[in-house]
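Work through the following exercises with the sequence and the model side by side, and try each task before reading its solution.

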Amino acid sequence: MLTRKGGVYLSKNTIVEVYLDFTKEIYLDSVKNEPDWDFSLQTVTNTLGISPTDTQKVGEWANSKRQYGHTQWKYSTGKIETLDFDMALNKVVDTFQDKVDIIN
């Protein structure tokens, strides 16, 4: 459904998701031979003092047929129905604003 705002038609059903993630692409065979190539999800959580909204660990099972091929620590707004992308973006920016020195 579209509504008119000024001269622009806007959808009422716009879905956005904003996230920040730390991902390390690793081949599963490499982890078996070089486990130091991976990173600790708990270390990221403890260092930032922020709990992730999702994590994946290389080698863990995503489902009964597929293993994760990477390690990922992710913080997300989740899917938000809004036309205000800046509001969604600011949720993540505000969360990590005082963590810039730690991340860099």
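**Exercise 1: a tryptophan and its ring partners**

W73 is buried, with a relative accessible area of 0%, where buried means under 20% relative accessible area, exposed over 50%, and partly exposed in between (1.4 Å probe, protein chains only). The model is a predicted one, in which local features need pLDDT of at least 70 and side-chain atom pairs count only at pLDDT 80 or more, while totals for chains, interfaces and linings use all residues. Residues are numbered from 1 along each chain as its sequence is written, and side-chain values use heavy atoms, with hydrogens and water left out.

Task: describe how the rings of W73 and F96 are arranged as an aromatic pair.

Solution. Step one is the geometry: W73 and F96 form an edge-to-face pair, at 6.3 Å centre to centre and with 85° between the planes. The rule applied is that rings of Phe, Tyr and Trp (its six-membered ring) pair if their centres lie within 6.5 Å, with planes under 30 degrees apart counted as stacked, over 60 as edge-to-face and the rest as tilted. Step two is the location: because W73 lies in strand β6 and F96 in helix α3, the pair ties together parts that are 23 residues apart in sequence; helices (H or I, at least four residues) and strands (E, at least two) are DSSP runs, numbered from the N terminus.

**Exercise 2: a charged partner for K74**

Task: find which residue forms a salt bridge with K74.

Solution. The partner is E17, with the closest N and O atoms 3.9 Å apart, which falls under the rule of a side-chain nitrogen of Lys or Arg within 4 Å of a carboxyl oxygen of Asp or Glu. The two residues are 57 apart, K74 being in strand β6 and E17 in the loop between β3 and β4. K74 is buried at 16% relative accessible area, whereas E17 is partly exposed at 34%.
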